[in-house]
Amino acid sequence: MLATTPLRVVAVSAGLSQPSSTRLLADRLAAATRERLAAEQDRRVEVHVIELRDLAVDIANHLVSGFPSAGLREAIDAVTEADGLIAVTPVFTASYSGLFKSFFDLIDHTALTGKPVVIAATGGTARHSLVLEHALRPLFAYLRAVTVPTSVYAASEDWGSSGDEYTEGLPSRIRRAGGELASAVLGRTVSGASRAPGLDDGEDAVVPFEQQLADLRLD
């Protein structure tokens, strides 16, 4: 790859409303990733956001016909060719949305192999935050992508919250996830590996989800 080739970050938003908190979260994650990439290397960074609501009819038609429209093919190519991917869905019935799943059903299960991905979700209550680990992370594991350790869930009450001495606020989690995606794009970290604490991490370094499960089994 030529040094002049830009780094491409693609964010997929499955929000249905306008304005959409799902799109807002995607935009903020993309901005955090772009900022970190721009600070750590000299190549231009391109960010592209895909709104699945605009492709809903095309996705349905492709599922039954097997033929993508030009716009849908462009979106699929953007995702598969991205250097880093951000995937954000609203929570419906305690899982990712049907539109979100239908889009990723159209992507070949090997097309995202090794691609670094941030997974994120929005919902009305914090009770659905485990959808990230129970639904989204397994989905991208099946697609052979490399999900970064930090996932981001934004409940309604998280917007405008800076957190307190016991919890991280949404802006801090966004910066941390964006930083991890930038590092993965540059080949500096691998999902599941621990790393030293950063400026946004407080006193504790990231603990991989797999290690958290192992620790729980030992207790």
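This section describes salt bridges in a predicted model.

The structure contains 10 salt bridges. Side chains of opposite charge can pair when their charged atoms come close. Among the residues involved, R23 takes part in a salt bridge with D27 and in another with E51.

In the pair formed by R23 and D27, the closest N and O atoms lie 2.8 Å apart. Both residues belong to helix α1, which spans residues 21-40, and because they are four residues apart, about one helical turn separates them. R23 is partly exposed, its relative accessible area being 26%. D27 is likewise classed as partly exposed, at 29% relative accessibility.

The salt bridge between the side chains of R23 and E51 has an N to O distance of 2.9 Å. R23 is located in helix α1 and E51 in strand β2 (residues 45-51), so this pair ties together parts that are 28 residues apart in sequence. E51 has a relative accessible area of 14% and is therefore buried, as this value falls under the 20% cut-off.

A further salt bridge joins the side chains of R173 and D158, with an N to O distance of 3.7 Å. D158 occupies the loop between β7 (152-155) and α6, whereas R173 lies within helix α6 (residues 170-185); the contact therefore ties together parts that are 15 residues apart in sequence. Both partners, R173 and D158, are buried.

Finally, salt bridges link R8, E81 and D83 in a network.

Terms used. Residues are numbered from 1 along each chain as its sequence is written. This is a predicted model: local features need pLDDT of at least 70, side-chain atom pairs count only at pLDDT 80 or more; totals for chains, interfaces and linings use all residues. Side-chain values use heavy atoms; hydrogens and water are left out. A salt bridge is a side-chain nitrogen of Lys or Arg within 4 Å of a carboxyl oxygen of Asp or Glu. Helices (H or I, at least four residues) and strands (E, at least two) are DSSP runs, numbered from the N terminus. Buried means under 20% relative accessible area, exposed over 50%, partly exposed in between (1.4 Å probe, protein chains only).
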